[in-house]
Every structure is written in C-alpha cells, then in structure tokens.
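Q: I'd like to learn how to read pockets and interfaces in a model like this. Can we walk through them together?

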Amino acid sequence: MNIYLKELKDYRRSLFFWTLAIIAFMLSAMSKYQGYARSGTSINEVIESMPAGLSAALGFQGLDLQSSGGFFAMCTLYLSMMLGVHAVLLGAGIISKEETDKTIEFLYARPVSRGYILFSKLLAAFTQIIILNIVTAITSVVTVAAFNEGPSISSDIIFLMPSILFLQIWFLMIGASFAAIMRRPRHAGMLSAGVLLATFVISSFVDITDRFGFLKYATPFKYFDPKTIFTEHSYSMTFISITVTAVAILLTLSGIAYKKRNFSI
Amino acid sequence: MDIIETKNLTKFYGSSKGIEDLSLNVKEGEILGFIGPNGAGKSTTIRLLLSLIYPTSGSATIFGKDVIKYGPEIKRQIGYMPSEVFYYENMRVQELLDYSASFYGKDCSKRIKELSGLLKLDLTKKIDDLSYGNKKKVGIVQGLLHDPDLIILDEPTGGLDPLMQKNFFELLKEENRAGKTIFFSSHILSEVQKICDRVAIIREGTLINIESMEHLLQNNYKRIHLTTAKKAEGKLFDIPGVSDLKVEKNQVSLLYKGDVNTISRIIAQMDLVDFMVGEPDLEEIFMHYYT
C-alpha cells in the first residue's frame, strides 16, 4: 500500500496537467464544432473534396461532422491518441524511474518482493488511467452538451468511454513491459511511444485502403473504432478477447522479466 | 553463527568481471571491514547480497537463508547504506524517513528523532537542497531507523567531516555493543583500522585475504623516507618485508611490512639528516603486497 500511495502522490501534478490538457482540447474542439454546425457551407463537402488519405489520417473519413455525434467520433481519435500517450509514458516511466533515478537501491533494500513493487506500481498507474478516463468522460459530456444544438448524445459518449479505457490499458502495458524487459529502461518511454505512433499510422493506413484489412489486427486503435461503436452501438467480442489475452501475456512477461532483471544502478 | 556467508560468488557483466569465486563469512556480532581499491568489486558484492543483481554462479546466505529466495524476509533485519545516496526528488527528509519506516510495520519515530539529533540532521529540509555530507546522514538514519540486526555500509564516511565521522563511528560501536553485526566496505585502510574486528581484502574482483585486525596491525605497513648524511646503501634493507625500495644518492624510500623494531635497528645504524615514517595508502599496499 505504501508504494501505491507514494506513486499516486508523485504523479498528482502530472495527472492534473493532463486533465487541463483534455479540458482545453475539448473546449477548443467543440467551439470549432459550433462554427461548422452554424456555417452555411457544408463542412462535409469540404471533406469530401479532400484526398481520401488526408481525411482518413485526420480521422474525418465517413463521418458527418455537422452532427454532434459525428464530430465527437472524430474527437475521440484525438482523445485516444492523447490518453494513449499518457498511458504509454506512464507505464514506462513508473516502472523505469526507480532505476533511472537510482532510487531502486533505496527501495529494494526494504523488505519487499519485486512482485510487490511491480504490482503496486501497475495498480497506481491503472488508478490514474481510470481517473483520466473519467475526467475525459465528464469533460466530453459537459462540453458536447454545452455546444450541441441537436438531441443529446451523452449516453453515446458514456458508451464509448470503455473503448478508450481498453486502449489505455493496452498502451500502459506496452510501456510497462518495455521498462521491465529492456536492459536499459531509460529508453523504454521513447521506444514504447514509437510503438504507439506506429500503430496509429497503421490504423490510418487501414482507413485509406481496403487492401490491407488484415492490418486492423495489428493496431489496438482499430480494435475499438468509435465510428463502429457509435453506429452499431456494440463492441467487438473478438477484439475484447484479443485485448484481454494480450494484456495477460504482457503482464506475465513483465512479471517474469522484472523478477529476473539485474537492476542497473 | 555466520550472519553472512558467500560461496564462490561470481558475477560477470557480460564479459567483464565484477567478482569471481568470492567466499567469505561475517560472524555474528563482529565488524568486518571489506576493503579494496575503487572498482575492486565491493559494491558488486553488496548488491549481490541485496539481490539487486543476480550472481552468474555461486550463492550467498544471510542469517542462514538464501538471499534471493528469502530476500524480503531477511531484509527486515538489514540496514543498508549505499555509497552514493540517491533519493526521491522533492521529498523532505522527514517524508523520506517516514516512507522508509512504513516498510517495517513498526513505529520508528523515536529512533528517527534520536538518530537525527545525534547527527544534527534537519528533518524539515528538502533532500535536494542538502549537501553531500548531509545526504549521507539521511542515508545513515534510514539505514538504522528500524533497528536492524545486520548493518551493511558501502563507503559510508565520504563527505562526512571528521567530527561527524567520529560520531558516526561511535554510533556504530554502540550498535555493535548491542549485538549488531556490521559489514563495512571502504577503500581507506585507516578508517577500517579504527573500528573493525576483521578485514577482508578484495582486489580486481577476487578476495585476497581475510584476517583479524590484530594480525593486520602486526603487519604494520609503513612508508619510510630517509635522508642520509652520506651516500646511502640499499644493501642494508635487504630484509623480508621491504619492497618498493628506491635509493638515490642520499635519499632512501621504501615500504615496510613487519615488526617496527627490526627496521628501526637498521635505521639506527645510519647517519641521518632527516627521517619520515608515514602510513602508505591502500593502493601502495595492494600494489606491493597483494599482487
């Protein structure tokens, strides 16, 4: 419990700034939406005239941006990216910092097992991604309601939030397992952020062309596609199963690697 | 009973050697000095004992229990002070000590007060703002606050001023009188001489010798410089225990290990202008007696 509480305390400032960033993003996004919705010229026509690749990369493809639902679906792409970056850096950082700051020599001289250290830290990280997810949900519901002139979509937004949480868990575990497995954990943050970027690019790529449909299995961003969740109002059991399995594997690998590693001091 | 026992403990970092075939024991209630030049493998040995790193081969036990298998259990009774002290940023001294105490499931506040009073450590300061010596003091307090049976110290005195060093040694002696076992690494022989019962000497990852302080003191290492009235002759010093002998005109310089009476009789035969006896540094001793 002591390590868990200390980690939460250590990260409270960082969590606060992430919260601010999300609020700022949603406010600016929704005020733009107001502009789109009220403008006479249709934003949808502008997007249709864009090359398919560009609109896919920007997350516009196949969305009605003049409806609040369509516009919010586009926002979730950016929210997923932000929360994914938060999770991946948090996962890598919370595990590796004891070694990069050389405090592991202090911590591991206490009567604690490596399993306990890892578990406490992952639990603290998990708590934070849930907090940030809830913050995002509340911010989204409030800002969308404030600018929305059509029927309320609050229940759709709430329904969508678990998809972002799944993504956060994915990237938290990717960051944490890099930090647990790599010999030089200080590179874990950079490398796992690279993985996040790569999977994001793959997911845009899948949107552009149908030829590489199988690639959707290679990127968690495609597992929980806001467009599908919004329109079909359901989650894919296949992708949930893949996520649960992958998280279990990453957790096991991190556990084994962390127990075996020679702490670098 | 042996409090610490290592058997053929070996650690390679890739192809570079940390320590090799290191077997030593620390008896209950003794102060063992673990001495060797920088880079000899002292910290590696200690990190293996704390299972921060794993041995390439060999094993170690503390309180008769394997250090890897029973790590968390045996660490309840270990106080450790690392050579370089790194602490969490933005923490105050009191916070860090409370955090440290929180792992032992008992009230350590009285001991924290006692120790910090003795060392004149300000608990309200931020650790980042402390000087090197004051950080060392934090290290001492966090190592002792839970009243451990075994105290492991890695180069503990660096940065402490002489007065604090004296206080610190007094503190260690007091702990030792109360039955605590102390494992103390250092590269300064005179420091170890002040306090230890036995000394283990390590060089380039290998344990060279482990002997009692009495025995080591009999071996009284001296660095001797003589300035003679006439041209000096080296032949006189052709006795066991003399090494690094340099004779140049009327200057003689040598290292001596052995009974001081023997060497003083030889010197007494000479017509001297000047005469100096000093303590050689550890590097010199290693270079000339342990290669």
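Q: Let's start with the largest pocket: what volume does it have?
A: Keep in mind that this is a predicted model. The largest pocket comes out at about 760 Å³. It is lined by 21 residues, and those closest to its centre are A:Lys6, A:Lys9, A:Asp10, B:Glu89 and B:Asn90.

Q: Which elements give two or more residues to that lining?
A: Those are α1 of chain A and α3 (93–101) of chain B. The biggest share is from α1(A), with nine residues. Sorted by class, the lining holds eleven charged, six nonpolar and four polar residues.

Q: And the second largest pocket, what is its volume?
A: About 550 Å³. Here 22 residues form the lining, with A:Arg183, A:Asn262, A:Phe263, A:Ser264 and A:Ile265 closest to the centre. By class, this lining has ten nonpolar, eight charged and four polar residues.

Q: Now the interface: how much area do chain A and chain B bury between them?
A: The general idea is that an interface's size is often given as the accessible area lost when the parts come together. Here chain A and chain B bury about 2,500 Å², with 58% of it on carbon and sulfur atoms. On the chain A side, A:Glu105, A:Phe106 and A:Pro111 supply 28% of the buried area, more than any other three residues.

Q: How many salt bridges are there between chain A and chain B?
A: Two. One of them pairs A:Glu105 with B:Arg47, where the closest N and O atoms are 3.1 Å apart.

Note on methods. Residues are numbered from 1 along each chain as its sequence is written. Chains are lettered from A and ligands numbered from 1 in the order in which they are written. This is a predicted model: local features need pLDDT of at least 70, side-chain atom pairs count only at pLDDT 80 or more; totals for chains, interfaces and linings use all residues. Side-chain values use heavy atoms; hydrogens and water are left out. Buried area is the accessible area (1.4 Å probe) that two parts lose on being put together, summed over both. A salt bridge is a side-chain nitrogen of Lys or Arg within 4 Å of a carboxyl oxygen of Asp or Glu. On a 1 Å grid over the protein atoms alone, a cavity is a set of points where a 1.4 Å probe fits but cannot get out, and a pocket is an open set with protein on both sides within 12 Å along at least five of seven lines; lining residues have an atom within 4 Å of a point. Grid points are joined across faces, edges and corners, and a volume is the space filled by probe spheres set on the points. Helices (H or I, at least four residues) and strands (E, at least two) are DSSP runs, numbered from the N terminus. Ala, Val, Leu, Ile, Met, Phe, Trp, Tyr, Cys and Pro count as nonpolar, Asp, Glu, Lys and Arg as charged, and the others, Gly among them, as polar.
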